[in-house]
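Q: Could you walk me through this one, starting with a single residue and then working outwards? I have it open beside me.

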Amino acid sequence: MSVIEELSRVLEARRNADPEQSYVASLYADGLNRILEKVGEEATETVIAAKDVDGDHGQEALIGETADLWFHSMVMLVHLGIPPEAVLEELRRRFGLSGITEKASRGTGAS
């Protein structure tokens, strides 16, 4: 079982956990807006950490911030009833496609 699969199972189990006992359960209890705030916060922190990387210096911080971003993105997906595996399937679908071709297949305005 992959880390993504294991984490997905834990996140799903936390949906019914006590918000007083589980950080993830508290996010679910606070609702989608709070989860989205965390995703945005972690995305910003990831960008800042990336700007601070200089050779080997700063890589550990960037890895940590990226892990936080991925984690909170998975919380968001699970909250919305979207299995994280769906994102992996989309990445598999895009594998081997030119980025320009793939982007064009989504129409204008896609990023």
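A: Leaving aside neighbours within four places in sequence, Thr-46 is in contact (heavy atoms within 4.5 Å) with Leu-62, Glu-65, Thr-66 and Leu-69. Please keep in mind that this is a predicted model, in which local features need pLDDT of at least 70 and side-chain atom pairs count only at pLDDT 80 or more, while totals for chains, interfaces and linings use all residues. Residues are numbered from 1 along each chain as its sequence is written, and side-chain values use heavy atoms, with hydrogens and water left out.

Q: Is Thr-46 buried or exposed?
A: Thr-46 counts as buried, at 12% relative accessibility; buried means under 20% relative accessible area, exposed over 50%, and partly exposed in between, with a 1.4 Å probe and protein chains only.

Q: What does the side chain of Thr-46 reach?
A: The side chain of Thr-46 reaches the backbone oxygen of Glu-42 at 2.8 Å. A polar contact here is a pair of N or O atoms within 3.5 Å; within protein, one must be able to donate a hydrogen and the other to accept it, and residues adjacent in sequence count only if both atoms are side-chain atoms.

Q: Which helix does Thr-46 lie in?
A: Thr-46 lies in helix α3, where helices are DSSP runs of H or I with at least four residues, numbered from the N terminus. The 20 residues of α3, 32–51, should span 28 Å at 1.5 Å a residue, and the end C-alpha atoms are 29 Å apart, which agrees; the expected span is 1.5 Å times one less than the number of residues.

Q: Which residues of α3 are buried?
A: Ile-35, Lys-38, Val-39, Glu-42, Thr-46 and Ala-49 are buried in α3. Seen down the helix axis, the buried residues of α3 fall within an arc of 100°, so they line one face of the helix, the arc being that of the directions from the axis to the C-beta atoms. On the other side of α3, Asn-33, Val-47 and Lys-51 are exposed.

Q: And what covers the buried residues of α3?
A: The cover includes α2 (23–30) and α4 (59–79). Ile-35, which is buried with a relative accessible area of 1%, touches Leu-27, Tyr-28, His-72, Val-75, Met-76 and His-79, not counting residues up to four places away in sequence.

Q: Which residues make up the largest nonpolar core?
A: That core has twelve residues, namely Leu-11, Val-24, Leu-27, Tyr-28, Ile-35, Val-39, Leu-69, Met-74, Val-75, Met-76, Leu-77 and Val-78. The elements that give two or more residues to this core are α2, α3 and α4, and α4 gives the most, with six residues. A nonpolar core is a set of buried Ala, Val, Leu, Ile, Met, Phe, Trp, Tyr and Cys residues joined through side-chain atoms within 4.5 Å.

Q: Switching to α2, what do the buried residues there pack against?
A: The buried residues of α2, which are Val-24, Ala-25, Ser-26, Leu-27 and Tyr-28, pack against α1, α3 and α4.

Q: Which residue caps the N-terminal end of α2?
A: Ser-22 caps that end of α2, with a side-chain oxygen 3.4 Å from the backbone nitrogen of Val-24. Just after α2, Gly-31 takes a positive phi of about 100°.
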